[in-house]
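Trainee: I have not looked at this structure before. Could we go through it step by step?

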Amino acid sequence: LAGTADRRFTVAAGLPDGSVHEDGAVHADDVVAQLGHAAPPVILDVALELDPECASAHFNLAVSAVQAGKLADAETHYRTALRTKANAETHNGLGFVLAAQGRSDDAIAEFRKAVEVNPKYTPAYNNLADTLVKQGKLEEAEGYYRASLEERPSASVHTELGVVLRKLGKTDEAAAELRKALALDATQQKAKRNLAALTGAK
C-alpha cells in the first residue's frame with residue numbers, strides 16, 4: 001500500500017517523502033481534511049488507493065457529486081464517509097441529499113443525528129426546521145429555528161422563524177422576528193413582505 005501510492009500522495013500533497021507509510025490511511029485522511037474542498041482530484045484518488053474508506057476523500061467526492069446533480073453518487077459517498085468518521089457536516093450533507101430526493105423522513109433522521117453529534121452546528125438545525133415546515137410540523141420547526149438562533153444570529157433564520165410564527169397565528173412574535181431579520185439585513189425581501197402583510201392586517 002505504501003509503495004507507489006505513498007510516493008504519489010506525498011508528492012501531490014507537498015509532504016516530505018515517507019510521511020505516509022504503515023498508518024498511511026490515517027495520515028491521508030488528515031491531509032485531505034486539512035485541505036478541505038481545495039483538495040485536488042489527484043489527492044482524493046491516491047488517498048482512496050491508500051484507504052478505500054478514507055472519510056474525507058468520500059466527503060469531498062460527495063460534495064462534487066451534489067454540485068454535478070448526481071445525488072445517488074453523493075449519497076453513496078456520504079454513507080461511506082460516515083462508516084469511518086461520523087460528524088455533523090457529513091450527516092447534514094447526507095440529509096440534504098435525501099431531502100433533495102424527496103425522502104423527507106430519512107433526511108430528518110440525518111439532520112437530527114447531525115445536531116446530536118454537534119449541538120452548535122446551525123446548518124443542520126436550519127435544514128431540519130426547513131424540512132419540518134414542508135411536512136407541516138410548524139411548532140417543531142419553530143423550536144429548531146430558535147435553537148439555531150441561540151447559536152448564531154441570522155437574518156434568513158429570523159425570517160423563516162417569523163414566517164412560521166405568522167402561520168401559527170403568533171403575530172406579535174412573528175413581527176418581532178421579522179424586524180430582527182431586517183435589522184440584520186435590510187435587503188431581506190421575504191421579511192419585508194411578511195412584515196408588511198402583518199402590519200397591513202392590523
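Mentor: We can start with a term: a pocket is an open set of grid points with protein on both sides within 12 Å along at least five of seven lines, and its lining residues have an atom within 4 Å of a point. Keep in mind that this is a predicted model.

Trainee: Which residues line the second largest pocket?
Mentor: The pocket holds about 160 Å³ of space. Helix 6 (88-100), helix 7 (104-117) and helix 8 (122-134) are the elements that each give two or more residues to its lining. The lining residues are Phe96, Ala99, Ala100, Gly102, Ser104, Phe111, Asn127, Asp130, Thr131 and Lys134.

Trainee: Which element gives the largest share of the lining of the second largest pocket?
Mentor: Helix 6, helix 7 and helix 8 each give two or more residues. The largest share is 4 residues, and it comes from helix 8.

Trainee: What covers the buried residues of helix 8?
Mentor: Buried means under 20% relative accessible area. In helix 8 the buried residues are Thr122, Ala124, Tyr125, Asn126, Leu128, Ala129, Thr131 and Leu132. Their cover includes helix 6, helix 7, helix 9 and helix 10.

Trainee: How far does helix 8 reach from its first C-alpha to its last?
Mentor: Helix 8 has 13 residues, and at 1.5 Å a residue 18 Å is expected. The reach in the model is close to that, at 19 Å.

Trainee: Which residue just after helix 8 takes a positive phi?
Mentor: The phi angle there is about 80°. The residue is Gly136.

Trainee: How far apart are the end C-alpha atoms of helix 9?
Mentor: Helix 9 covers residues 138-151, which is 14 residues. At 1.5 Å a residue they should span 20 Å, and the distance between the end C-alpha atoms agrees: 20 Å.

Trainee: Which helices do the buried residues of helix 9 pack against?
Mentor: The buried residues are Leu138, Ala141, Glu142, Tyr144, Tyr145, Ala147, Ser148 and Leu149. They pack against helix 7, helix 8, helix 10 (155-167) and helix 11 (171-184).

Trainee: Is Asn92 buried or exposed?
Mentor: Asn92 is found in helix 6. Leaving out residues up to four places away in sequence, Asn92 touches Phe111, Ala114, Tyr121, Pro123, Ala124 and Asn127. Its relative accessible area is 9%, so Asn92 is buried.

Trainee: How far apart in space are Glu53 and Thr84?
Mentor: Glu53 is found in the loop between helix 3 (41-50) and helix 4 (55-67). With a relative accessible area of 27%, Glu53 is partly exposed. Beyond four places in sequence, Glu53 touches His58, Thr80, Arg83 and Thr84. Glu53 and Thr84 are 31 residues apart in sequence, while their C-alpha to C-alpha distance is 7.0 Å.

Trainee: How many helices does the protein have?
Mentor: Read along the sequence, the pattern is α-α-α-α-α-α-α-α-α-α-α-α. There are 0 strands, and the number of helices is 12.

Trainee: What percentage of the residues in the protein is buried?
Mentor: The protein exposes about 10,300 Å², with 52% of that supplied by carbon and sulfur atoms. Of its 202 residues, the buried ones make up 43%.

Methods: Residues are numbered from 1 along each chain as its sequence is written. This is a predicted model: local features need pLDDT of at least 70, side-chain atom pairs count only at pLDDT 80 or more; totals for chains, interfaces and linings use all residues. Side-chain values use heavy atoms; hydrogens and water are left out. On a 1 Å grid over the protein atoms alone, a cavity is a set of points where a 1.4 Å probe fits but cannot get out, and a pocket is an open set with protein on both sides within 12 Å along at least five of seven lines; lining residues have an atom within 4 Å of a point. Grid points are joined across faces, edges and corners, and a volume is the space filled by probe spheres set on the points. The expected span of a helix is 1.5 Å times one less than its number of residues. Buried means under 20% relative accessible area, exposed over 50%, partly exposed in between (1.4 Å probe, protein chains only). Contact means heavy atoms within 4.5 Å. Accessible areas come from the Shrake-Rupley method with a 1.4 Å probe; for residues, only the protein chains shown count as cover.
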